[in-house]
Amino acid sequence: MVVQPAVPEIVEQEIYESIGARTESLQALRELGPPDLVHLIKSQPKSAVKEIGTYHHVTGMDASSSASLAAYINTLTYSIGENQMWFGRPQAWRITTGTYCCYNAFSRVDMRVNVTIPGTVDAYAVDERGEKRKATDTLWLETYLCSVLRAFSYAEEGATRIVGCRKFNPITSTEVEHKFLDAAERLFFKGWQLGSDPEVQVPNVVSNHLTSGLLAYIHTTGRFASGVNLFEKLRSKEPEVASLLARVLIDSDEEVKAVQLLYDTVQLLPMDNSLLDVQADFCMRKGRYDLALECAKRAVNSAPSEFTTWERLAQVYLKLEQYEMALLTLNSCPMFTYQDRDVPKMPPPNKMHLPILQESVLDEMNEEHYDPKQESVDPTLLKLPAASLKGTFAKAYKILTEITSQIGWDTLLKCRSSVFVMEEEYREEKKNSSVATLRGNSPRQSEDRSSRNGADDSEENPATNGDSEESGNKLEDSIIEKPENSVPADPKGSDDASSDDDKQPAEKYTHFQNKRLCERWLDNLFMVLYEDLRVYTIWRSEFSQHKQQSLPYKKNATEWEILGDLAQRLHHHNEALEAFNATLKIRFSPRALKGILQDQEKRKDSRGALNCIIKLTAWQYRWYSEFSPVLLYSVRILIEEEGAVKVRSIVQATNYPQSVLDLTHHYAQLCMAFRSSGSDG
């Protein structure tokens, strides 16, 4: 039997205040909704405090009926009822009432099951106005599907960590999978109502949270046959679904079928941007960037208001080494405000009971002597703006860093100044446009002159990261050139002293120079990239100086983590690995382990990868999660390459406690249940 995570409990100041806060927040929900809320009233007659209210959050529970949710509350009476360890002391609490809240993002209602112990079960729905509605079979079907999609969405920690959230695997067998796919088929054409990923502006039949969840499930578990079967049935009703079917076929190495499908469907839907994007992606995988370019261009023409089509076109130009065109394409990308996942907004708790599952305890995970408040971190590292980029801005920044890794910062600045109007040359051209025309100066001569001026200005006053003056002088030669300012797409008040007659439109000068105005957000990304490169350059210079002088280079664990992430962003993978290993020498770090795991998977280091997976699995159980799609996928690929017997043997040969190894074996058992490739030997 699978070990379940421990039960966290957050104690309320006033009973039922968490349910009241959830009801008030229903109007503000925009995505799939927050994790399920489980509220308990516990009594202890002999205590001075007769009753208390506690709650915790849950994802992955079967929400197909009131009976399954009531059953979950019933299990809590055994795990945290009689003889519970409460803040280190055994106490006999008795659960008298439990309420399970699960959000239905289709109908925008909160399904609630109220259980009285012993006694009755009452199921109802609460709408955005806080009014009760009857819980129908249709509402339960929608709620079940939303619950599964939320489990995949919240399985990995996002930008906002939810305290006290138990995470379960919503699909543990082929029978449960059939139930999930049946619900998905019945509600497929309502999927656009759930919203979409941050990179998609307008949700549609093939781009929404439902299709993203289906593709994530199929990719993670390798259940390609089930996915093909589902999308084949849906394609008969809506030809656009062919793009999803093609993705699954390509993922399952059925490339011939995928190409034939794409060919047939494009005859029917020649300007479907999803189909064209799949084609472009496939051609890029095969190294045919010339063919990918034509597909990507047509996709942009088909959906010019979508970020994903422009992103693909920029990626193709990057592969073709047409860096100026990649920058121009990036500049044309429509950028969207990031919509974060719905997170619970609860009142401040009275106290929190966060027990540790004994089966997940590893000595190296002991944090008794670690206090993050006592760790002094360089403020420059904490304030790196690139770490907080999300959505379309994070995607655009990744392309910018890829260009930089291929051609270098200096060449990137030259490309930038050749395609975008720089502020200096804008002012120069505005000042002397009529004179230059009379003298016969060419636009290129004017441009070269202003570019040289801009470069001279940018080399003055190199920025430092707050180190001492002596250290700054030593590193001055290694600090990168700061980018000069470009003219934004909305140059307000660029020349306040000029008369109204002189204020001609900026388009005249961009046309004259055959250049474009740089969007303000892209200009900001150049400054973000400059800051990343500046800090990285200082770090590597200091590191090499200490190494030459045989001196230890000292950073604390958090600083090494940030430097590892920085090196990863800039595609310096060896340096990132070096920083992550330095972190683990100081203390346990899941952040560093994930970075090392990615490297080991690329190098096909099965033993090293499984060692990381064991530790990460134990860490996730420590924080009440039994399910990680990333770790399940990693184990599935290892089993596919090495075989289930060898993977189990490698895990068993490690010197970790057996209880910890059993947690990792659970992922292998899931692969066997899904009959994944290699799981039979």
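This is a predicted model: local features need pLDDT of at least 70, side-chain atom pairs count only at pLDDT 80 or more; totals for chains, interfaces and linings use all residues.

Guide: Start with Lys132. The charged end of Lys132 sits over the ring of Tyr124, 4.2 Å from the ring centre.

Now the ring pairs. Two values describe such a pair: the distance of the centres and the angle of the planes. The count here comes to 16 aromatic pairs. Take Tyr217 and Phe674. Their ring centres are 6.3 Å apart, and their planes stand at 85°. Planes over 60 degrees apart count as edge-to-face, so Tyr217 and Phe674 form an edge-to-face pair. This pair links distant parts of the chain. Tyr217 is in helix α5 (residues 209-221). Phe674 is in the segment after α27 (658-673).

The cut-off for buried is under 20%.

Compare a second pair, Phe588 and Trp619. This pair is tilted, with 5.2 Å centre to centre and 35° between the planes. Phe588 lies in the loop between α22 and α23 (590-602). Trp619 belongs to helix α24 (residues 606-622). The pair therefore ties together parts that are 31 residues apart in sequence. Phe588 is buried at a relative accessible area of 6%. Trp619 is buried as well, at 15%.

Back to Tyr217. Ring pairs link Tyr217 into a cluster with Phe152, Phe180, Phe627 and Phe674. Glu177 touches Tyr217, along with Ile171, Arg223 and Ser226, leaving aside residues up to four places away in sequence. Glu177 is found in helix α4 (residues 174-187). Its relative accessibility is 3%, so Glu177 counts as buried. The side chains of Glu177 and Ser226 are joined by a polar contact of 2.8 Å.

Finally, the backbone. Most residues other than glycine have a negative phi, and most peptide bonds are trans. One is Arg108, with a positive phi near 55°. Arg108 lies in the loop between β6 (94-104) and β7. Its relative accessible area is 27%, so Arg108 is partly exposed. Another is His571, which is not a glycine but has a positive phi of about 65°. His571 is placed in the loop between α21 (557-569) and α22 (573-586). At 24% relative accessibility, His571 counts as partly exposed. From Ile117 to Pro118 the bond is cis, with omega near -15°. Pro118 sits in the loop between β7 (109-116) and β8 (121-126).

Definitions and conventions: Residues are numbered from 1 along each chain as its sequence is written. Side-chain values use heavy atoms; hydrogens and water are left out. Helices (H or I, at least four residues) and strands (E, at least two) are DSSP runs, numbered from the N terminus. Buried means under 20% relative accessible area, exposed over 50%, partly exposed in between (1.4 Å probe, protein chains only). Rings of Phe, Tyr and Trp (its six-membered ring) pair if their centres lie within 6.5 Å; planes under 30 degrees apart count as stacked, over 60 as edge-to-face and the rest as tilted. A charge sits over a ring if NZ of Lys or CZ of Arg is within 6 Å of the ring centre and within 35 degrees of the ring normal. A polar contact is a pair of N or O atoms within 3.5 Å; within protein, one must be able to donate a hydrogen and the other to accept it, and residues adjacent in sequence count only if both atoms are side-chain atoms. Contact means heavy atoms within 4.5 Å.
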